[in-house]
Amino acid sequence: MPRVINPRGIAPPGSRYAHGVVHSARARRLVISGQVGQRLDGSVPDDLAEQMEAAWDNLTAILAEAGMSITDLVKISAFATVPGSVAMYRSIRDRRLGGHLCAATYLEVAGLATPRFLFEIEAEAVSEEPDQAFLELPQSDEEFALPPALQPGARADR
């Protein structure tokens with residue numbers, strides 16, 4: 001079970017996150033690539049809050065596919081291109097985490113992979129549950145179907 005680390009010898013976290021999270025080595029670890037606010041149909045909302053919600057939707061879908069949930073998150077890193085968005089981000093993060101604490105980083109950056117992306121979030125999750133969900137995942141790259149835009153030889157716009 002993860003254990004939150006907030007040492008008394010340093011300033012407490014500035015919002016609802018943990019300075020550190022310790023987890024045993026006997027577990028499944030999921031490293032989640034940066035997720036942007038792109039929906040399944042390829043659309044990207046113009047609104048920052050909508051992009052944040054869509055990115056969280058993508059992140060939770062990956063957790064579910066791996067047989068994990070929000071409470072398995074041990075680290076999140078978020079990137080926004082809109083200055084002064086930390087309060088909005090914290091509000092959405094806190095609602096999405098539902099009281100769960102994990103290590104967290106928020107950065108405001110000059111840009112992401114393409115100018116239409118205003119937000120990106122990456123994460124790590126750890127679960128002590130049996131590996132059944134892992135065992136049901138495709139075991140080779142060939143078993144994963146790539147969308148047409150990502151097929152070899154396709155032009156990448158992002």
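Tutor: Start with a term: accessible areas come from the Shrake-Rupley method with a 1.4 Å probe. The model above is predicted. For the protein chain, the accessible surface comes to about 9,700 Å², and 54% of that surface belongs to carbon and sulfur atoms.

Student: How many residues does the protein chain have, and what percentage of them count as buried?

Tutor: A residue is called buried when its relative accessible area is under 20%. The protein chain has 158 residues, and 35% of them count as buried.

Student: Which strands form the open sheet, and in what order?

Tutor: Strands of a sheet pair through backbone hydrogen bonds, either parallel or antiparallel. Here the order across the open sheet is E3-E6-E4-E5, with mixed pairing. E3 and E5 each have a single partner strand, so they stand at the edges with one side left without a neighbour in the sheet. On average, neighbouring strands of this sheet are turned by 5° against each other, direction ignored.

Student: Which helices pack on the sheet, and which strands do they touch?

Tutor: Helix H1, residues 48–65, touches E3, E4 and E6, and its direction makes about 155° with that of E3. Helix H2, residues 86–97, touches E4, E5 and E6. The direction of H2 makes about 150° with that of E4.

Student: How many bridges join E6 to strand E3, and how many to strand E4?

Tutor: Strand E3, residues 28–36, pairs with E6 over seven bridges in the antiparallel sense. Strand E4, residues 73–80, also runs antiparallel to E6 and is joined to it by seven bridges.

Student: Is strand E6 mostly covered or mostly uncovered?

Tutor: In a regular strand the side chains alternate between the two faces of the sheet. Strand E6, residues 119–127, is mostly covered, as seven of its nine residues are buried. Ser-127 lies in this strand. Ser-127 counts as buried because its relative accessible area is 1%. Beyond its neighbours within four places in sequence, Ser-127 is in contact with Ala-27, Arg-28, Met-68 and Asp-72.

Student: Why does His-100 count as buried, and what is it in contact with?

Tutor: His-100 lies in the loop between H2 and E5. The cut-off for buried is under 20%, and His-100 is buried because its relative accessible area is 16%. Leaving aside neighbours within four places in sequence, His-100 is in contact with Ile-70, Thr-71 and Leu-73. The side chain of His-100 reaches the backbone oxygen of Leu-73 at 2.7 Å.

Terms used
Residues are numbered from 1 along each chain as its sequence is written. This is a predicted model: local features need pLDDT of at least 70, side-chain atom pairs count only at pLDDT 80 or more; totals for chains, interfaces and linings use all residues. Side-chain values use heavy atoms; hydrogens and water are left out. Buried means under 20% relative accessible area, exposed over 50%, partly exposed in between (1.4 Å probe, protein chains only). Helices (H or I, at least four residues) and strands (E, at least two) are DSSP runs, numbered from the N terminus. Two strands pair if DSSP finds at least two bridges between them. Contact means heavy atoms within 4.5 Å. Axes are lines fitted to C-alpha atoms, for helices over the stretch in contact, and angles run from 0 to 180 degrees between N-to-C directions. A polar contact is a pair of N or O atoms within 3.5 Å; within protein, one must be able to donate a hydrogen and the other to accept it, and residues adjacent in sequence count only if both atoms are side-chain atoms.
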